[in-house]
Amino acid sequence: MDYFKPESVSEALSLLAKYGNEAKIIAGGTDVMVDIKYKEEPGCLVNIKRIPGMSAIEESGGSLRIGPLVTIREIETSKLVRERLPLLWEACHQFASLQIRNTATIGGNICRASPSGETLAPLLVLGAKAKLAFSDGEKTEPFNSLFQGPGKTSLGSKGLLAAIEIPYPPKGSSGVYLKHAVRGPMDIAVVGIAVLVVPDSAAKTLQEARIGLGAVAPTPIRAIKAEAMLRGKPLDSKLVEQAAQMAAAESSPITDQRGSAEYRRWIVEALTRRGLEQTWKAATGKEVA
Ligand SMILES: Cc1cc2nc3c(=O)[nH]c(=O)nc-3n(C[C@H](O)[C@H](O)[C@H](O)COP(=O)(O)OP(=O)(O)OC[C@H]3O[C@@H](n4cnc5c(N)ncnc54)[C@H](O)[C@@H]3O)c2cc1C
């Protein structure tokens with residue numbers, strides 16, 4: 001197996017072009033090294049950790065730009081993220097063990113494109129965009145079109161994730177990430193739900209509700225029918241129940257060793273209900289009627 005440590009994005013892209021499907025990018029290596037041990041060895045490893053300019057969390061206007069090499073622990077300990085993007089902070093806080101959080105990068109989590117990837121549903125709900133670098137130029141891809149299936153993104157084998165841009169959520173909004181896993185944060189999510197609500201200025205109706213579902217479809221998805229049903233309405237327990245059932249119906253989970261499809265749908269319903277109740281209370285100071 002060949003091993004390269006490019007010092008620029010263009011050098012990394014040249015290696016990807018040269019080695020094609022044989023090449024594998026490695027960042028923190030928490031997924032790649034497991035694959036090498038238990039699945040297969042790539043023809044060549046391209047370690048991107050030396051590339052400068054991809055390890056910062058920076059504010060730019062009304063958004064936060066996060067480099068793909070920023071670790072989950074750096075996000076978890078960032079005051080800026082905790083204050084401005086508490087939803088993403090919460091997902092990183094519930095991510096594996098401290099040892100894994102210290103090594104795993106956000107770029108690796110995104111590019112792995114696992115349906116259960118902890119940061120994916122929150123980034124989808126936050127309306128994040130990915131800056132993708134290819135040898136013929138850069139492209140900005142919204143998260144709702146980035147994921148194409150388990151392990152597949154629009155990067156293909158020749159692109160590199162160069163940055164993540166996350167707009168700040170609307171003023172007065174509240175978000176929550178709820179993870180259900182058999183062994184708590186140490187385990188991969190059976191279901192992960194991100195909910196963001198934006199009440200109107202009088203705190204009477206829902207101006208907007210965004211619901212992101214993780215681990216219950218081939219890619220992370222938004223429960224768009226449930227979101228549409230909630231928009232513009234006063235939130236009461238009947239509506240919460242209807243939205244939770246609709247979100248469960250929008251999911252298409254599989255049965256595996258962590259849980260059956262039926263169980264996962266039931267968890268989607270329970271967590272959507274809890275997420276809407278919690279965020280409504282946090283945003284308005286009132287319990288759901
Ligand atoms: C014990 C254990 C527990 C775990 N628990 C969790 C958990 O609770 N939640 C969770 O979501 N995940 C978990 N994971 C999975 C893993 O830690 C995450 O997916 C992590 O974020 C991957 O980041 P990394 O930097 O280690 O990626 P790597 O392993 O280096 O790479 C992952 C993939 O992304 C590609 N890649 C990396 N960076 C880029 C880039 N900039 N551009 C293009 N492609 C890129 C690589 O080629 C590879 O396909 C766990 C893993 C282990 C071993």
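1. Start with the make-up of the shell around the ligand. Its residues divide into 16 nonpolar, 8 polar and 6 charged. Keep in mind that this is a predicted model.

2. Which residues come nearest to the ligand? Of the 30 residues around the ligand, I25, A27, T30, D31 and T105 do.

3. Next, the backbone contacts to oxygen atoms of the ligand. At I25, a polar backbone atom is 2.6 Å from a ligand oxygen. At A27, a backbone N or O atom lies 2.7 Å from an oxygen atom of the ligand. At G28, the corresponding distance from a backbone N or O atom to a ligand oxygen is 2.8 Å. I25 and A27 are also among the residues that come nearest to the ligand.

4. How much of the ligand does the protein bury? Taken alone, the ligand exposes 990 Å². The protein buries 88% of that area.

5. Now the elements of the shell. Those that give two or more residues are β2 (23-26), α2 (32-38), α7 (106-112) and β10 (160-167). Which of them gives the most? It is α7, with 5 residues.

6. The protein is divided into two parts: domain 1 (2-167) and domain 2 (174-284). Their centres, taken over C-alpha atoms, are separated by 25 Å.

7. Where does the ligand lie relative to the domains? It lies between them, because domain 1 and domain 2 both give residues to the shell around the ligand.

8. Last, the domains also meet each other. In domain 1, 21 residues are in contact with 24 residues of domain 2. The size of an interface is often given as the accessible area lost when the parts come together. Here the area buried between domain 1 and domain 2 is about 1800 Å². Carbon and sulfur atoms give 66% of that buried area.

Conventions. Residues are numbered from 1 along each chain as its sequence is written. This is a predicted model: local features need pLDDT of at least 70, side-chain atom pairs count only at pLDDT 80 or more; totals for chains, interfaces and linings use all residues. Side-chain values use heavy atoms; hydrogens and water are left out. A residue is near a molecule or strand if one of its heavy atoms lies within 4 Å of it. A polar contact is a pair of N or O atoms within 3.5 Å; within protein, one must be able to donate a hydrogen and the other to accept it, and residues adjacent in sequence count only if both atoms are side-chain atoms. Accessible areas come from the Shrake-Rupley method with a 1.4 Å probe; for residues, only the protein chains shown count as cover. Helices (H or I, at least four residues) and strands (E, at least two) are DSSP runs, numbered from the N terminus. Ala, Val, Leu, Ile, Met, Phe, Trp, Tyr, Cys and Pro count as nonpolar, Asp, Glu, Lys and Arg as charged, and the others, Gly among them, as polar. Domain bounds come from an automatic or database domain assignment. Contact means heavy atoms within 4.5 Å. Buried area is the accessible area (1.4 Å probe) that two parts lose on being put together, summed over both.
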